[in-house]
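User: I should like to understand the terms used to describe this model. Please set each value against its definition.

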Amino acid sequence: MLSALHIAIPPTPVLLSQLLIGLINGAFYAMLSLGLAVIFGLLNIINFTHGAQYMLGAFCAWFLLQFTGIGYWPALVIAPLVVAAVGIVLERLFLRHIYRLDHLYGLLLTFGLALIIEGVFRNEYGSSGQPYSIPSQLTGAQNLGFMFLPNYRAWVIGASVVVCLGTWFLIERTRLGAYLRAATENPTLVQAFGINVPRMVTLTYGFGAGLAALAGVMAAPIYQVSPLMGSNLIVVVFAVVVIGGMGSILGAVVSGFVLGLVEGLTKVFYPEASNTVIFVVMAIVLLVKPAGLFGRTA
Amino acid sequence: MAGAPGAAGIGGGAAALSPRGNLILTVVLVALAIAAPFFFYPVFLMKALCFALFACAFNLLLGYVGLLSFGHAAFMGSAAYITAYGVKAWGLPPLIGILAGTAVAAFLGTVFGWLAIRRQGIYFAMVTLALSQMIFFVALQAKFTGGEDGIQAVPRGYLFGVIDLGQPLTMYYFVLAIFLIGFAIIYRTIHSPFGQVLKAIRENEPRAISLGYKTDQYKLLAFILSATLAGLAGATKSIVFQLASLTDVTWQMSGEVVLMTLIGGLGTVFGPVVGAFISVTMENYLAQYGSWVTIIQGVIFVICVLTFRRGVVGEIAHLVRRFAAPAKEEVVHAATRPAPGE
């Protein structure tokens, strides 16, 4: 069968390194779709600005290094906080006016905000990328016997798994998360119990934006820091979200990693399709299980 | 989603003029369009007309069925590529080339629509966006599309073998005729019983289902029609500019048509036309400022969503209605108050 299709089995190192790249991409898909799912859960808004916030996170880290000499590790904390603050301002200024409208307006509004943010950065920095070097503690690679694993990539995968599980724990297993889930189900009732739902909504949006920025900082040394880095990614993440369904946090995380791997595998066996494979998977999932693999409602 | 009708729903609440008002306005506008090339640059007018048809096709879906497609560039772009390739490489006559491009858009619309109507609301938008991004990558990688260069120097050729479309004025009237045909099809669709069912689906889909309408079939048919006409616009555009390029299949283009429709007025007959002219004019003047076009488009998006949801035409219609019948307006307003939540 394989020989009939003229598909050669690639040597193991090639396969493994592509799988590693797939896993790295998957880590970013997972973190971004997680943020989208958290925001969508409470605000019922698909945050089109998510890609721009990811880009802002990367640029924030770059600014910190460039103008104040603050390195990667502090930036990992500062950039998400800054972008979260920007997100909170956006929510207070714009998003809160449209909650009572059709959800599609939320998509259009955040799309407009993304255009503005990306346009401003493109005006300043063009579409070329700025390099951001790997922190000195994480340079080099481990020889695993069957392949070389760059330290930084191992860190990104490990850190994103921790971030995803941490978010899952926060939402599914803590009191704060319980309030959040309750407010998702019935905001009016939760408000009647004396919980400040509007503030929770604002903070949730800030949290989602911060997650995107964290992913952006982690991406900065791997991909270049460029104004368009987010907008190219966000469409893929939308497809990931459609495949996983936004019903569950774990669903978003698992489908993010798995689709990253699928993309990596496609690069080995049929490179021409590696850009489109996630969209093809999406089409198949829509045919077989329209609500998404982990979706609760149609 | 389905439970949020009227002012809160996409497209709902924006009123059209009376049929007679529409007829008079149409006659006036057609007369203006015939005279226009003597006062304005024909290429500008042709560009605006192509985008106007594109926006009208898009509005059929968003304004009258309540489906936000974020991937309409796929239909416009693929039709443009097929037409450009057919005319240039195979030497097809322009009209046959345009029909071929339109047919491909119709086919794509059938497949995409069939997939996308399985999900509603926001998911529908994301699905169409993702599917159109697939077309973008195909256009980027396929051999016949010319990659980053696109298909350039497409000959305009001779209409029916005799009429030289190389003449700007002739080409303009050809484009105007195509636009009017497309516009008439949309107008007829909106004002037919089929169109009434579409509006019922927009306002309250579960109720339309409970009344016995197979809403999926209606939505699919509307999607195919919208995609086909978007393709017609793209095919015509590729003959006008003698070019099919990646710009036409990017998601930014899909966003632009949303913006045109939003500025002009969702769910109004003439809104998308007005929006397209505003948008194309704006781009003409701002082209030299690079990314400022994107920023200003973003600002307009934000303003439209926050304070100007009826759009130019919708706002005018609203004022006219309020002026004509102040008492009736009260009743309408109360009836279309947004329903809380889902």
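User: What makes the radius of gyration of chain A agree with that of a compact globule?

Analyst: The radius of gyration is taken over C-alpha atoms, and the globule rule is 2.2 Å times the number of residues to the power 0.38. For 298 residues a compact globule would have a value near 19 Å, and chain A has 20 Å, which agrees. Along its principal axes the C-alpha trace of chain A spans about 65 × 50 × 35 Å. This is a predicted model, in which local features need pLDDT of at least 70 and side-chain atom pairs count only at pLDDT 80 or more, whereas totals for chains, interfaces and linings use all residues. Residues are numbered from 1 along each chain as its sequence is written, and chains are lettered from A and ligands numbered from 1 in the order in which they are written.

User: Which secondary structure elements does chain A have?

Analyst: Chain A has 11 helices and 2 strands; helices (H or I, at least four residues) and strands (E, at least two) are DSSP runs, numbered from the N terminus. The order from the N terminus is α-α-α-α-β-β-α-α-α-α-α-α-α.

User: How do you know that the span of helix 8 of chain A agrees with expectation?

Analyst: The expected span of a helix is 1.5 Å times one less than its number of residues. Helix 8 of chain A (residues 197-219) has 23 residues and should therefore span 33 Å, and its end C-alpha atoms are 33 Å apart, which agrees.

User: Why is helix 8 of chain A called largely enclosed?

Analyst: A residue is buried if 20 or more other C-beta atoms lie within 10 Å of its own, exposed if 12 or fewer, and partly exposed in between, with C-beta atoms placed from the backbone. In helix 8 of chain A, 18 of the 23 residues are buried, so the helix is largely enclosed by the rest of the structure. For chain A as a whole, 49% of the 298 residues count as buried.

User: Is A:G244 buried or exposed?

Analyst: A:G244, in helix 9 of chain A, has 29 other C-beta atoms within 10 Å and is therefore buried. Apart from neighbours within four places in sequence, its contacts include A:S33, A:G251 and A:F294; two residues are in contact if their C-beta atoms, placed from the backbone, lie within 7 Å.

User: Why is the crossing of helix 2 of chain A and helix 4 of chain A called left-handed?

Analyst: A crossing is left-handed if the near helix is turned anticlockwise from the far one by less than a right angle, and right-handed if clockwise. The crossing of helix 2 of chain A and helix 4 of chain A is left-handed. These helices pack at an angle of about 35°, with their axes 9 Å apart; axes are lines fitted to C-alpha atoms, for helices over the stretch in contact, and angles run from 0 to 180 degrees between N-to-C directions.

User: What is the handedness of the crossing of helix 3 of chain B and helix 4 of chain B?

Analyst: That crossing of helix 3 of chain B and helix 4 of chain B is right-handed. Their axes come within 8 Å and cross at roughly 145°.

User: How many residues does each chain bring to the contact of chain A and chain B?

Analyst: The contact takes 36 residues from chain A and 39 residues from chain B. On the side of chain A that touches chain B, the largest share, 16 residues, comes from helix 4 of chain A.
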